[in-house]
Amino acid sequence: MKISIALAVLGLWVSLSALNVAQVTKESDQDYSKFLIDASKPYVYLAFDHVGPRTPLRDVEPKIGLWLHLKNNCKVPIVVLAIWERKVDPNEGIALQDEIVPEPVAPGTRGDGVGGGIIAPRGSGELLDLFRWPNTTEEEVRLAEERQRATIKPVERPLGYGSPNGFNSFVLTVIAPGEQVYFSVPANHVSKSWHFEIPFQLAVPSHGRIRPPYSYVAFYQDDLDRAQGKAATPTTR
(Lines give C-alpha, C1' and ligand atoms only; values in the text may rest on other atoms or scores of the structure.)
Protein backbone atom coordinates (compact mmCIF):
# COMPACT_ATOMS: atom_id res chain seq x y z
CA MET A 1 0.00 0.00 0.00
CA LYS A 2 2.79 2.39 0.95
CA ILE A 3 4.65 1.51 -2.26
CA SER A 4 1.56 2.29 -4.35
CA ILE A 5 1.17 5.67 -2.68
CA ALA A 6 4.85 6.44 -3.22
CA LEU A 7 4.60 5.51 -6.89
CA ALA A 8 1.49 7.64 -7.29
CA VAL A 9 3.25 10.62 -5.69
CA LEU A 10 6.29 10.09 -7.93
CA GLY A 11 4.05 9.91 -11.00
CA LEU A 12 2.29 13.13 -10.01
CA TRP A 13 5.65 14.85 -9.41
CA VAL A 14 6.96 13.77 -12.82
CA SER A 15 3.75 14.96 -14.52
CA LEU A 16 3.88 18.36 -12.81
CA SER A 17 7.59 18.67 -13.57
CA ALA A 18 6.90 17.90 -17.23
CA LEU A 19 4.29 20.66 -17.35
CA ASN A 20 6.66 23.14 -15.73
CA VAL A 21 9.56 22.20 -18.03
CA ALA A 22 7.34 22.37 -21.12
CA GLN A 23 6.09 25.82 -20.09
CA VAL A 24 9.59 27.11 -19.32
CA THR A 25 10.96 25.66 -22.58
CA LYS A 26 8.13 27.23 -24.60
CA GLU A 27 8.75 30.63 -23.02
CA SER A 28 12.52 30.28 -23.40
CA ASP A 29 12.20 29.53 -27.11
CA GLN A 30 10.71 32.98 -27.54
CA ASP A 31 13.53 34.65 -25.62
CA TYR A 32 16.58 32.98 -27.19
CA SER A 33 16.87 35.75 -29.77
CA LYS A 34 17.54 38.19 -26.94
CA PHE A 35 20.67 36.27 -26.00
CA LEU A 36 21.82 34.24 -29.01
CA ILE A 37 23.03 35.65 -32.30
CA ASP A 38 22.43 32.39 -34.19
CA ALA A 39 19.72 30.41 -32.39
CA SER A 40 20.81 27.19 -34.13
CA LYS A 41 24.16 27.12 -32.30
CA PRO A 42 25.38 27.18 -28.67
CA TYR A 43 26.10 30.55 -27.11
CA VAL A 44 29.84 29.74 -27.11
CA TYR A 45 31.37 26.98 -29.23
CA LEU A 46 34.52 25.70 -30.93
CA ALA A 47 34.75 25.38 -34.72
CA PHE A 48 37.51 23.13 -36.07
CA ASP A 49 39.73 24.59 -38.82
CA HIS A 50 42.51 22.15 -39.70
CA VAL A 51 45.36 19.92 -38.53
CA GLY A 52 48.87 20.93 -39.53
CA PRO A 53 52.38 22.04 -38.54
CA ARG A 54 52.62 24.12 -35.38
CA THR A 55 55.48 25.75 -33.50
CA PRO A 56 55.68 24.02 -30.09
CA LEU A 57 55.64 26.14 -26.95
CA ARG A 58 57.46 23.39 -25.01
CA ASP A 59 60.13 20.91 -26.03
CA VAL A 60 57.91 17.91 -25.21
CA GLU A 61 55.14 19.00 -27.59
CA PRO A 62 54.53 17.54 -31.05
CA LYS A 63 55.07 19.80 -34.05
CA ILE A 64 51.57 19.06 -35.29
CA GLY A 65 48.63 20.99 -33.89
CA LEU A 66 44.89 21.49 -34.07
CA TRP A 67 43.60 24.88 -35.22
CA LEU A 68 40.21 26.04 -34.06
CA HIS A 69 38.03 29.10 -33.71
CA LEU A 70 36.46 29.97 -30.36
CA LYS A 71 33.23 31.74 -31.29
CA ASN A 72 31.07 33.98 -29.12
CA ASN A 73 27.51 33.42 -30.32
CA CYS A 74 25.82 35.46 -27.61
CA LYS A 75 25.08 39.14 -27.21
CA VAL A 76 27.33 39.46 -24.18
CA PRO A 77 31.14 39.68 -24.41
CA ILE A 78 33.09 36.74 -23.02
CA VAL A 79 36.57 36.61 -21.47
CA VAL A 80 39.31 34.01 -21.94
CA LEU A 81 43.00 33.90 -21.05
CA ALA A 82 45.67 33.89 -23.75
CA ILE A 83 49.26 32.86 -23.03
CA TRP A 84 51.57 35.87 -22.84
CA GLU A 85 54.67 33.84 -23.75
CA ARG A 86 53.16 32.84 -27.08
CA LYS A 87 55.13 34.24 -30.02
CA VAL A 88 52.12 35.43 -31.97
CA ASP A 89 52.20 34.47 -35.63
CA PRO A 90 49.21 35.68 -37.69
CA ASN A 91 49.19 32.27 -39.38
CA GLU A 92 49.13 30.40 -36.08
CA GLY A 93 46.78 32.57 -34.05
CA ILE A 94 47.13 32.65 -30.30
CA ALA A 95 47.38 30.03 -27.55
CA LEU A 96 44.65 29.88 -24.92
CA GLN A 97 44.65 28.52 -21.42
CA ASP A 98 43.22 25.00 -21.53
CA GLU A 99 42.82 21.98 -19.29
CA ILE A 100 43.37 18.34 -20.28
CA VAL A 101 40.64 16.20 -18.75
CA PRO A 102 40.58 12.37 -18.74
CA GLU A 103 37.37 10.79 -19.94
CA PRO A 104 34.95 10.22 -17.04
CA VAL A 105 33.08 7.07 -16.07
CA ALA A 106 30.33 5.97 -18.45
CA PRO A 107 27.07 7.97 -18.25
CA GLY A 108 24.39 6.46 -16.05
CA THR A 109 26.85 5.33 -13.36
CA ARG A 110 28.20 7.02 -10.27
CA GLY A 111 31.78 7.00 -9.12
CA ASP A 112 31.09 4.00 -6.85
CA GLY A 113 29.96 1.94 -9.86
CA VAL A 114 26.30 1.94 -8.79
CA GLY A 115 23.79 2.79 -11.48
CA GLY A 116 22.44 6.31 -11.12
CA GLY A 117 20.71 7.65 -14.22
CA ILE A 118 18.85 10.95 -14.54
CA ILE A 119 15.05 11.07 -14.40
CA ALA A 120 13.86 13.47 -17.09
CA PRO A 121 10.21 14.56 -17.19
CA ARG A 122 8.52 14.11 -20.54
CA GLY A 123 9.27 16.94 -22.92
CA SER A 124 12.59 17.85 -21.28
CA GLY A 125 14.87 15.45 -23.16
CA GLU A 126 16.90 18.19 -24.82
CA LEU A 127 17.85 19.59 -21.43
CA LEU A 128 19.75 16.39 -20.67
CA ASP A 129 22.59 17.83 -22.74
CA LEU A 130 23.27 20.12 -19.78
CA PHE A 131 24.29 17.07 -17.73
CA ARG A 132 25.35 14.58 -20.38
CA TRP A 133 28.75 16.19 -20.91
CA PRO A 134 29.52 17.88 -17.58
CA ASN A 135 32.94 19.01 -16.49
CA THR A 136 34.38 16.07 -14.61
CA THR A 137 34.40 16.12 -10.84
CA GLU A 138 37.56 15.44 -8.87
CA GLU A 139 36.30 11.90 -8.20
CA GLU A 140 35.77 11.28 -11.91
CA VAL A 141 39.26 12.55 -12.70
CA ARG A 142 40.77 10.34 -10.00
CA LEU A 143 38.93 7.22 -11.20
CA ALA A 144 39.86 7.89 -14.83
CA GLU A 145 43.52 8.27 -13.88
CA GLU A 146 43.40 5.04 -11.86
CA ARG A 147 41.97 3.18 -14.85
CA GLN A 148 44.67 4.63 -17.06
CA ARG A 149 47.42 3.49 -14.69
CA ALA A 150 45.88 0.02 -14.60
CA THR A 151 46.19 -0.49 -18.36
CA ILE A 152 48.97 -2.67 -19.76
CA LYS A 153 50.51 0.23 -21.68
CA PRO A 154 49.52 3.42 -19.87
CA VAL A 155 49.69 6.60 -21.94
CA GLU A 156 50.91 9.73 -20.23
CA ARG A 157 48.37 12.51 -20.39
CA PRO A 158 49.97 15.77 -21.63
CA LEU A 159 50.01 18.94 -19.60
CA GLY A 160 47.50 21.63 -20.43
CA TYR A 161 48.27 25.30 -20.86
CA GLY A 162 47.80 26.41 -17.27
CA SER A 163 49.86 28.32 -14.72
CA PRO A 164 51.02 25.16 -12.87
CA ASN A 165 52.41 23.78 -16.13
CA GLY A 166 55.04 26.39 -16.93
CA PHE A 167 52.94 29.37 -18.01
CA ASN A 168 52.76 32.19 -15.50
CA SER A 169 51.67 35.20 -17.55
CA PHE A 170 48.34 35.46 -19.33
CA VAL A 171 46.57 38.16 -21.28
CA LEU A 172 42.93 38.85 -20.50
CA THR A 173 41.24 38.55 -23.87
CA VAL A 174 37.71 39.82 -24.47
CA ILE A 175 35.72 38.35 -27.35
CA ALA A 176 32.92 40.68 -28.42
CA PRO A 177 29.45 39.42 -29.41
CA GLY A 178 29.62 37.69 -32.79
CA GLU A 179 33.42 37.71 -32.80
CA GLN A 180 35.93 34.84 -32.55
CA VAL A 181 39.58 34.08 -31.81
CA TYR A 182 41.80 31.78 -33.86
CA PHE A 183 44.01 29.54 -31.74
CA SER A 184 45.92 26.29 -31.73
CA VAL A 185 46.75 23.47 -29.34
CA PRO A 186 49.18 20.56 -29.68
CA ALA A 187 47.59 17.61 -31.47
CA ASN A 188 48.01 15.41 -28.41
CA HIS A 189 45.64 17.57 -26.34
CA VAL A 190 42.88 15.36 -27.76
CA SER A 191 42.76 11.56 -27.73
CA LYS A 192 40.42 8.66 -27.02
CA SER A 193 41.44 8.92 -23.35
CA TRP A 194 41.15 12.68 -22.77
CA HIS A 195 39.86 15.95 -24.18
CA PHE A 196 40.66 19.63 -23.65
CA GLU A 197 38.49 22.36 -22.18
CA ILE A 198 38.80 26.14 -22.56
CA PRO A 199 37.56 28.08 -19.51
CA PHE A 200 35.65 31.32 -20.13
CA GLN A 201 33.37 33.77 -18.37
CA LEU A 202 30.69 36.18 -19.45
CA ALA A 203 32.22 39.66 -19.35
CA VAL A 204 29.68 41.17 -17.00
CA PRO A 205 30.63 43.12 -13.86
CA SER A 206 30.44 41.26 -10.57
CA HIS A 207 28.49 42.82 -7.74
CA GLY A 208 30.04 43.04 -4.30
CA ARG A 209 31.25 39.70 -2.96
CA ILE A 210 28.91 37.58 -5.08
CA ARG A 211 31.05 35.16 -7.06
CA PRO A 212 30.13 35.12 -10.80
CA PRO A 213 29.78 31.78 -12.61
CA TYR A 214 32.24 30.47 -15.17
CA SER A 215 32.09 27.74 -17.76
CA TYR A 216 34.08 25.59 -20.19
CA VAL A 217 33.83 24.78 -23.87
CA ALA A 218 35.26 21.34 -24.68
CA PHE A 219 36.66 19.53 -27.72
CA TYR A 220 36.69 15.71 -27.87
CA GLN A 221 38.16 13.05 -30.12
CA ASP A 222 34.78 12.38 -31.70
CA ASP A 223 34.45 16.12 -32.46
CA LEU A 224 37.74 15.90 -34.33
CA ASP A 225 36.66 12.71 -36.14
CA ARG A 226 33.40 14.27 -37.31
CA ALA A 227 35.18 17.44 -38.43
CA GLN A 228 37.54 15.34 -40.55
CA GLY A 229 34.73 13.22 -41.97
CA LYS A 230 35.71 10.08 -40.07
CA ALA A 231 33.51 7.70 -38.17
CA ALA A 232 33.17 9.05 -34.64
CA THR A 233 35.42 7.37 -32.10
CA PRO A 234 33.32 5.98 -29.23
CA THR A 235 33.92 7.81 -25.95
CA THR A 236 32.55 7.43 -22.45
CA ARG A 237 30.48 10.57 -22.62
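Strand β1 and strand β2 (residues 64–72) run antiparallel and are joined by 9 bridges. Strands here are DSSP runs marked E of at least two residues, helices are runs marked H or I of at least four residues, and both are numbered from the N terminus. Two strands count as paired if DSSP finds at least two bridges between them. The model is a predicted one, in which local features need pLDDT of at least 70 and side-chain atom pairs count only at pLDDT 80 or more, while totals for chains, interfaces and linings use all residues. Residues are numbered from 1 along each chain as its sequence is written, and side-chain values use heavy atoms, with hydrogens and water left out.

Two of the residue pairs between these strands can be named. Leu46 has Leu70 in β2 as its bridge partner, and Ala47 has His69 in β2 as its bridge partner. On to β6: β2 and β6 pair in the antiparallel sense over 7 bridges. His69 takes part here too, with Tyr182 as its bridge partner in β6. Strand β2 is mostly covered, with 7 of its 9 residues buried. Buried means under 20% relative accessible area, exposed means over 50%, and partly exposed is in between (1.4 Å probe, protein chains only).

The chain as a whole has 4 helices and 8 strands. Read from the N terminus, its elements run α-β-β-β-β-α-α-β-β-β-β-α. Of its 237 residues, 34% are buried. The chain exposes about 15,000 Å², of which carbon and sulfur atoms supply 59%; these areas come from the Shrake-Rupley method with a 1.4 Å probe, and for residues only the protein chains shown count as cover. Among contacts with a separation of 6 or more, 72% are between residues 24 or more positions apart, where contact means heavy atoms within 4.5 Å.

Next comes the interior. In soluble globular proteins, nonpolar side chains tend to be buried together. The largest nonpolar core here has 25 residues, and Leu70, Leu96, Phe183 and Phe196 touch the most other members. Such a core is a set of buried Ala, Val, Leu, Ile, Met, Phe, Trp, Tyr and Cys residues joined through side-chain atoms within 4.5 Å. At least two residues of this core come from each of β1, β2, β3 (78–83), β6, β7 and β8 (215–219). Strand β7 gives the most, with 4 residues. Beyond residues up to four places away in sequence, Leu70 touches a list of residues including Leu46, Val80, Leu96, Phe183, Ile198 and Val217.

Thr173 lies in strand β5 (residues 170–175) and counts as buried, at 15% relative accessibility. Not counting residues up to four places away in sequence, Thr173 touches Ile78, Val79, Val80, Ala82 and Val181. A polar atom of the Thr173 side chain lies 3.1 Å from the backbone oxygen of Val171.

His195 is in strand β7 (residues 194–202). With a relative accessible area of 1%, His195 is buried. Its side chain makes a polar contact with the side chain of Glu197 (2.9 Å). A polar contact is a pair of N or O atoms within 3.5 Å; within protein, one must be able to donate a hydrogen and the other to accept it, and residues adjacent in sequence count only if both atoms are side-chain atoms. Apart from neighbours within four places in sequence, the contacts of His195 include Glu99, His189, Ala218 and Tyr220.

Ala218 lies in strand β8 and is partly exposed, with a relative accessible area of 28%. Leaving aside neighbours within four places in sequence, Ala218 is in contact with Leu46, His195, Phe196, Glu197 and Asp223. Ala218 and Leu46 are 172 residues apart in sequence and 7.7 Å apart in space, C-alpha to C-alpha.
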